[in-house]
Amino acid sequence: MSKGKIYVVGIGPGNYENMTLRAIKALEESDCIAGYTVYCDLVRDKFPDKEYIQTPMMGEEKRVELALEAASNGKIVSIICSGDPGVYGMAGLALSKVEALPDMEVEVIPGVSAAFSGAALLGAPLIHDFSVISLSDRLTPMELIEKRLRLAAQGDMAIVLYNPQSKSRSGYLAKAYEVLAEYIEPERVCGIAWNIGRQGQRYKIFRFSNLKDIDADMFSTVFIGNSRSREILGRMVTSRGYDSEK
């Protein structure tokens, strides 16, 4: 039997044009592609001849176990994640699960995170130090999320919010606003990007005072500028500190 292998692949925003060449090569080489149902649907038309292992949201552990089972039987398997597999992705879980299979080869393939693809759409909001924080409390206590929000705001970092809210987690963005409003002035420049790299892609620049009312969902990424961020011709730009920017 041939030796199997696991790739953990970041597919970026989801469209083929924003996938890296390494990601495409790994998927082409693979016998199976394992992923959340939505992510499998994003790549299926480009890789129609592959076997697909699909599990729903919150089925991550089962997904990795099925992928490892296929790889143990000699198949090359790509576990796909949106964005980058090391940023709220599957790389950590896959590597922890493979601990019991020391002979299994695992290769992590980086991808374009929503922080970067969304920043490019908005302009240049992350030119200086920034923090990425998920508002999902499925795996992280809300008390810890609030602490991280406060510390990022106190450090005057631009802040990227992943998983801002969903149908089952409504009001989370308004809660984040309440925490951040202790440190951020109402006129601070902010932005949001929806469906990055997919059908329905759009973005909006707004002021921090409107954050609590923004229509955000799990397919959106929110950007809160630092004290030197500003709007330039409809784009969000953070100063890095060059003389010409002062």
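Start by selecting Leu135, Met142, Ile145, Glu146, Leu149, Tyr172, Lys175 and Ala176, which line the largest cavity. Helix H6 and helix H7 (172-180) are the elements that each give two or more residues to this lining, and H6 gives the most, with four. (Helices are DSSP runs of H or I with at least four residues, strands are runs of E with at least two, and both are numbered from the N terminus.) A cavity here is a set of points on a 1 Å grid over the protein atoms alone, where a 1.4 Å probe fits but cannot get out, and lining residues have an atom within 4 Å of a point.

You're looking at a predicted model, where local features need pLDDT of at least 70 and side-chain atom pairs count only at pLDDT 80 or more, while totals for chains, interfaces and linings use all residues. Residues are numbered from 1 along each chain as its sequence is written, and side-chain values use heavy atoms, with hydrogens and water left out.

The largest cavity has a volume of about 40 Å³, a volume being the space filled by probe spheres set on grid points joined across faces, edges and corners.

Stay on H6 and click Leu151. Leu151 is partly exposed, at 47% relative accessible area (buried is under 20%, exposed over 50%, partly exposed in between, with a 1.4 Å probe and protein chains only). Now pick Gln54 too: the C-alpha atoms of Leu151 and Gln54 are separated by 38 Å.

Next, the largest pocket. A pocket is an open set of points with protein on both sides within 12 Å along at least five of seven lines. This one holds about 1400 Å³ of space. Colour by element and you'll find that helix H3 (60-72) and strand S11 (220-224) are among those supplying at least two lining residues each.

Hop along to Ser220, in S11. Is Ser220 buried or exposed? Ser220 counts as buried, at 3% relative accessibility. Leaving aside neighbours within four places in sequence, Ser220 is in contact with Pro164, Ile192, Ala193 and Trp194 (contact means heavy atoms within 4.5 Å). Its side chain also reaches the backbone oxygen of Asp217 at 2.7 Å.

Last stop: an open sheet of three strands, in the order S6-S13-S12, with mixed pairing. Strand S6 (123-124) and strand S12 (229-232) stand at the edges with a single partner each, so one side of each has no neighbour in the sheet. Two strands pair if DSSP finds at least two bridges between them. S12 and strand S13 (residues 235-238) pair in the antiparallel sense over four bridges.

Note on methods: Polar contact = N/O pair within 3.5 Å; in protein donor to acceptor, adjacent residues only side chain to side chain.
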